[in-house]
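User: I would like to learn how to read a few features of a protein model. Please take me through them one at a time.

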Amino acid sequence: MTESVLQRGQLKKELYTYLIITFAATYILQLGIYFIAGPLSYTSPFWSVTLSASMFIPAIVAIFCMAYFKSKAITKETKIIFTFFLIYVVLFLFESFFQPIIGNIMDKPLLSGIIGVLGILSLIILNLKKKWRNGLELSKLSFGKNLRYYIIIPLIFSAILIITPIFYHISGLGSPSTEFNLYMFFNTWIPSLILFFFILWPSYFGEEYGWRGYLQDRLFPLLGGYKGVLILGIIWGLWHSVLIVLGHNYPGYPILGNVLMVLYCIVLGTIFSYAVLKTGSIWIAVILHLINNKTAPVATSFIANSDNLILGSVIGIAFLAVFVMVILKSKVWKITDKVAFNE
């Protein structure tokens, strides 16, 4: 048996193990809370914790699989970042069910926030020295290469997300819940992105390290860039299935909502994967995920929100798809066809 065949076999083993555990853990958690706490409610403390905890699962399973399969990417530098993430998760869950250990900040447990800030500061320090930075590269935890993409891609992505609600407002398809005020939008949006990145990065890392880190590194060598990013998007979308059926994101549309979520994850995931491939770092995907999740709530207040949930979603997907059609022409997808598994 050749080395390449053995390598592909190992990739498949790790891939299937990861998917089975991730989907089982997520679905069991969400269905379990449904039977305990009843229908999904954003005011329920059980559901509030569940929605946040679900975001941690992909990275937790990825870390477990890396340890179980003895990944070479687990260096002492990588362990430091993983440790901050896991400590944050434990503190978050503890403080969600009990009193915050040392108080709150912006209605969030203060101690968890401190751990988040210390984690980012440690990441920055580890990226300053070449030896430490090298220890993070295999796990995609360094800031990577082509640092200009940390500006280019988030700016383009943000512009699309902002233009979409502006289109709703201009076309009469939606209106702001407070007032149309771009100054207030940017004055609220930009500080919130900075603050949430330093304090709440583990939530977005939780998904992105699982999908664009661990899973992407196993799908792309097996399927190639184009097919790999498509399958990754479908998997990411289906991972949301239980919540969609229970009324999250697309309340009242359990089937159509799942179709739209899969399409959205394919489009969104392509942008995130492209950014990771260009930089070799998971952190740009964490930033993009944060931008995606935090733009809509502020835009709803100060720009517009679509009056038609389904039509608004289709328009949003279409706007992002234009960007996707451009980046799919990049040679980076073809290069991934030749990337060898390096863990």
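Analyst: We go from the overall fold to single residues. This is a predicted model: local features need pLDDT of at least 70, side-chain atom pairs count only at pLDDT 80 or more, and totals for chains, interfaces and linings use all residues. Residues are numbered from 1 along each chain as its sequence is written, and side-chain values use heavy atoms, leaving out hydrogens and water.

User: How many helices and strands does the protein have?

Analyst: Helices (H or I, at least four residues) and strands (E, at least two) are DSSP runs, numbered from the N terminus. Here there are 13 helices and four strands. The radius of gyration is taken over C-alpha atoms, and the globule rule is 2.2 Å times the number of residues to the power 0.38. The protein has a radius of gyration of 20 Å, close to the 20 Å from the rule for 343 residues, so it is as compact as a globular protein of that length.

User: What share of the residues count as buried?

Analyst: Buried means under 20% relative accessible area, exposed over 50%, and partly exposed in between (1.4 Å probe, protein chains only). Of the 343 residues, 52% count as buried.

User: What does Thr22 touch, leaving out residues up to four places away in sequence?

Analyst: Contact means heavy atoms within 4.5 Å. Thr22 touches Ile57, Pro58, Val61, Trp211 and Trp239. Thr22 sits in helix 1 (residues 3-37). Its relative accessible area is 0%, so Thr22 is buried. A polar atom of the Thr22 side chain lies 2.8 Å from the backbone oxygen of Tyr18.

User: Is His289 buried or exposed?

Analyst: His289 counts as buried, at 4% relative accessibility. It belongs to helix 11 (residues 283-302). Beyond neighbours within four places in sequence, His289 is in contact with Met55, Tyr204, Glu207, Glu208, Trp236 and Phe272.

User: What is phi of Lys70 near?

Analyst: The general idea comes first. Most residues other than glycine have a negative phi. Phi of Lys70 is near 55 degrees, a positive value in a residue other than glycine. Lys70 lies in the loop between helix 2 (45-68) and helix 3 (76-97). It counts as exposed, at 69% relative accessibility.

User: Where does Lys140 lie?

Analyst: Lys140 lies in the loop between helix 5 (130-137) and helix 6 (149-171). Its phi is positive, about 65 degrees, although Lys140 is not a glycine. At 15% relative accessibility, Lys140 counts as buried, whereas Lys70 counts as exposed.

Methods: A polar contact is a pair of N or O atoms within 3.5 Å; within protein, one must be able to donate a hydrogen and the other to accept it, and residues adjacent in sequence count only if both atoms are side-chain atoms.
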